[in-house]
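Q: I'm new to protein structures and would like a close look at one single part of this one. Could you walk me through a strand and its surroundings?

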Amino acid sequence: QVQLVESGGGSVQAGNSLNVSCAASGRTFGDNPVGWFRSAPGKERELVAVISGSGVTTFYTDSVKGRFTIFRDNTKNTIYLQMNNLGPEDTATYYCAAPLSNRYPFRLLTSGRGFDYWGRGTQVTVSS
């Protein structure tokens with residue numbers, strides 16, 4: 001069983017940056033892809049970014065392209081999401097998620113499907 005724990009959320013003013021992280025325990029991420037999702041009140045859960053097991057391939061939803069960067073440090077078993085130029089529309093609870101194994105093609109994960117393990121989330125609040 002894998003436990004995912006997010007950290008690094010907080011409250012910032014628009015235009016500022018935050019770096020949220022996702023640490024795994026119980027098992028390493030290994031070569032599994034990992035994704036970041038976000039959920040805001042009144043909105044559907046949204047896939048934000050996905051990174052491949054090697055870290056070479058990434059995917060971003062259009063609204064965060066050019067502002068957010070997902071990267072991983074496999075030596076620390078941690079996935080990061082660097083968020084720059086934040087706006088009020090980025091206010092949400094951010095969750096990391098990982099598939100049970102490296103069994104799904106990356107393109108499936110970029111549709112938001114195939115994730116089996118979820119963290120409890122970290123809150124990001126951006127004020128204007």
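A: Let's begin with strand 4 (residues 34–39) and strand 9, which run antiparallel and are joined by five bridges. Strands here are DSSP runs of E with at least two residues, numbered from the N terminus, and two of them pair if DSSP finds at least two bridges between them. Within this pairing, phenylalanine 37 stands opposite tyrosine 95 in strand 9.

Before going on, a word on the model: it is predicted, so local features need pLDDT of at least 70 and side-chain atom pairs count only at pLDDT 80 or more, while totals for chains, interfaces and linings use all residues. Residues are numbered from 1 along each chain as its sequence is written, and side-chain values use heavy atoms, with hydrogens and water left out.

Strand 9 spans residues 92–98 and is mostly covered, with six of its seven residues buried; buried means under 20% relative accessible area, exposed over 50%, and partly exposed in between, using a 1.4 Å probe and protein chains only. Strand 9 has other partners too. Three bridges link it, antiparallel, to strand 11 (residues 122–127), where glutamine 123 faces threonine 93.

Ala98 and Tyr117 are among the residues lining the largest cavity, along with Val2, Arg27, Thr28, Phe29, Asn32 and Pro99. A cavity is a set of points, on a 1 Å grid over the protein atoms alone, where a 1.4 Å probe fits but cannot get out; lining residues have an atom within 4 Å of a point. Its volume is about 50 Å³, meaning the space filled by probe spheres set on the points, which are joined across faces, edges and corners.

Of its 29 residues, Leu4, Trp36, Leu81, Met83 and Tyr94 touch the most other members. Leaving aside neighbours within four places in sequence, leucine 4 is in contact (heavy atoms within 4.5 Å) with residues including Cys96, Ala97, Ala98 and Tyr117.

Technical notes: On a 1 Å grid over the protein atoms alone, a cavity is a set of points where a 1.4 Å probe fits but cannot get out, and a pocket is an open set with protein on both sides within 12 Å along at least five of seven lines; lining residues have an atom within 4 Å of a point. Helices (H or I, at least four residues) and strands (E, at least two) are DSSP runs, numbered from the N terminus. A nonpolar core is a set of buried Ala, Val, Leu, Ile, Met, Phe, Trp, Tyr and Cys residues joined through side-chain atoms within 4.5 Å.
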